[in-house]
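Please study the sequence and the structure before reading each solution.

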Amino acid sequence: MKRKLLFGAAFLFVAWAATSCEALSGCKVCKYVIYENSSVVSSGSETEYCGADLIKQEAVPDVTVGNQTTKVECR
């Protein structure tokens with residue numbers, strides 16, 4: 001009986017440990033990209049966002065100053 005409980009507890013622990021929060025919340029990698037006349041001028045480093053942080057990043061509007069447009073791109 002103890003053996004069955006031990007195996008059951010071990011199984012539950014492995015199932016819990018293998019479940020990633022990222023898989024449940026939908027994560028993406030986002031970066032800032034600056035365009036000038038439809039060509040990429042520069043881009044920032046990629047950062048992973050999940051959950052509410054991802055929603056905030058995707059809600060950032062495009063900013064245009066002169067010929068340059070800054071966008072947040074997520075994949």
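A residue is called buried under 20% relative accessible area, exposed over 50%, and partly exposed in between. The model used here is a predicted one.

**Exercise 1.** Determine where the partners of the salt bridge between Arg-75 and Glu-46 lie, and classify the accessibility of each.

*Solution.* The side chains of Arg-75 and Glu-46 meet with N and O 2.8 Å apart. Arg-75 belongs to the segment after β5 (68-74), and Glu-46 to the loop between β2 and β3 (47-50), so the pair ties together parts 29 residues apart in sequence. Glu-46, at 41% relative accessibility, is partly exposed. Arg-75, at 62%, is exposed.

**Exercise 2.** Which elements does the salt bridge of Lys-28 with Glu-58 tie together?

*Solution.* The closest N and O atoms of Lys-28 and Glu-58 are 3.0 Å apart. Lys-28 lies in strand β1 and Glu-58 in helix α3 (residues 51-58), so the bridge joins parts that are 30 residues apart in sequence. Lys-28 is partly exposed at 34%, and Glu-58 is partly exposed at 41%.

**Exercise 3.** Describe the backbone angle phi at Asn-37 and at Ser-38.

*Solution.* Most residues other than glycine have a negative phi. Asn-37, not a glycine, has a positive phi of about 55°. Ser-38 likewise has a positive value, near 65°. Asn-37 is placed in the loop between β1 (27-36) and β2 (39-43), and Ser-38 lies in the loop between β1 and β2. With 60% relative accessibility Asn-37 is exposed; with 76%, Ser-38 is exposed.

Notes:
Residues are numbered from 1 along each chain as its sequence is written. This is a predicted model: local features need pLDDT of at least 70, side-chain atom pairs count only at pLDDT 80 or more; totals for chains, interfaces and linings use all residues. Side-chain values use heavy atoms; hydrogens and water are left out. Helices (H or I, at least four residues) and strands (E, at least two) are DSSP runs, numbered from the N terminus. Buried means under 20% relative accessible area, exposed over 50%, partly exposed in between (1.4 Å probe, protein chains only). A salt bridge is a side-chain nitrogen of Lys or Arg within 4 Å of a carboxyl oxygen of Asp or Glu.
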